[in-house]
Amino acid sequence: MKQTRPYGYGASGGSALYAAKEAYRTIRTNLLFSLAKTGCKTIMFTSSISGEGKTTTAANVAFSIARGNKKVLLMDLDLRNPHVHRILKKSNTPGLTNYLSGFAALEEIVHKEVYPGLDVICSGTISPNPAEMVASRGMIELLDKLKEQYEFIILDTPPITLVSDALSVVPATDGVVLVIRPKYTDRKEVRRTIDQIEFVGGKILGAVANGVQQQRKNYGSRYGRYGYGRYGYGYGAADTQTEAKADTKEEKPE
């Protein structure tokens, strides 16, 4: 069976590749400690605006968790502008919308073993009513069914401040990871995103600072930094406090 390389891991070699793996392992470890519960853990990855790298981050975290001998599902909930199928080079149809519309069975939309331990559900045919689909009873019932099959479900959702699609499914998750691109995202947008998530009862597990530029003596060139930590409420993207930061080559954000 041909294995798909993790998207970010395969971007370069040497020290940068090692640092990228360590960065995602750190995020994985922090998530495991943040969700010390039995049963399936459902985690939403979102951002304030487009271009912050949430899809890249969600996919790599899913790969990293699967590498820890966990059964993981990565689902693309961005029904307006999907990216998961692009970075994994998989067919987008049939997918989630086809299942929710009754035109495909569950077994038809799951890409099995994209990577050992990792299955993927792509978004499917572009729908004229994406918000209603995500908020439908069928979507909640699907999540309940999938929670019986997987140890982790990673949801890649559209930016919160652009569309409200993701907010309807927040209560069905165990927590939200906010991907922030410092010096790219306005702090007011980040604050607004946090407020919206909290308003619907969501739990923010932490934030990933993506694409921070910093010179490191060990590498002799500039890399994007990934870091994970609790977000300091009341502050903007540039003030995000992160833990266990590591350098990785900056990817083109999704």
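Select aspartate 119 and tyrosine 150. Their side chains are joined by a polar contact of 2.7 Å. Polar contact here means a pair of N or O atoms within 3.5 Å; within protein, one must be able to donate a hydrogen and the other to accept it, and residues adjacent in sequence count only if both atoms are side-chain atoms. The model is predicted: local features need pLDDT of at least 70, side-chain atom pairs count only at pLDDT 80 or more, and totals for chains, interfaces and linings use all residues. Residues are numbered from 1 along each chain as its sequence is written, and side-chain values use heavy atoms, with hydrogens and water left out.

Aspartate 119 sits in strand β4. Helices (H or I, at least four residues) and strands (E, at least two) are DSSP runs, numbered from the N terminus. Is aspartate 119 buried or exposed? Its relative accessibility is 0%, so aspartate 119 counts as buried. The cut-offs are under 20% relative accessible area for buried and over 50% for exposed, with partly exposed in between (1.4 Å probe, protein chains only).

Now show the contacts of aspartate 119, meaning heavy atoms within 4.5 Å. Setting aside neighbours within four places in sequence, they include Val72, Leu73, Val110, His111 and Glu113.

Step to valine 120, also in strand β4. Valine 120 is buried, at a relative accessible area of 0%. Beyond four places in sequence, valine 120 is in contact with Leu73, Leu74, Val84, Leu88, Ile109, Val110, His111 and Val114. Draw a C-alpha to C-alpha distance from valine 120 to isoleucine 153: 9.7 Å in space, 33 residues apart in sequence.

Isoleucine 153 leads on to threonine 42, which touches Ile153. Threonine 42 lies in strand β1 (residues 41–47). It counts as buried, at 0% relative accessibility. Other residues touched by threonine 42 include Lys147, Leu155, Ala172 and Asp174.

Next, colour helix α7, residues 137–146. Met139, Leu142, Leu143 and Leu146 are buried there. These residues cover an arc of only 100° around the axis, which puts them on the same side of α7. The arc is that of the directions from the helix axis to the C-beta atoms. What do the buried residues of α7 pack against? The partners are β2 (72–76), α4 (96–100), α5 (106–109), β4 (118–121), α6 (130–134) and β5 (152–156).

Move to helix α8, residues 187–199. At 1.5 Å a residue, its 13 residues should span 18 Å, and the end C-alpha atoms are 18 Å apart, which agrees. The expected span is 1.5 Å times one less than the number of residues. Val190, Thr193, Ile194 and Ile197 are the buried residues of α8. They cover an arc of only 95° around the axis, which puts them on the same side of α8. Lys188 and Phe199 are exposed on the other side. At the N-terminal end, aspartate 186 caps α8, with a side-chain oxygen 2.8 Å from the backbone nitrogen of lysine 188. Just after α8, glycine 201 takes a positive phi of about 85°.

Select the cysteines at positions 40 and 122. Cysteine 40 counts as buried at 9% relative accessibility, and cysteine 122 at 0%. A disulfide is a pair of cysteine sulfur atoms within 2.5 Å; the count comes to zero.

Finally, zoom out. The protein has eight helices and nine strands. Buried residues make up 56% of its 254 residues.
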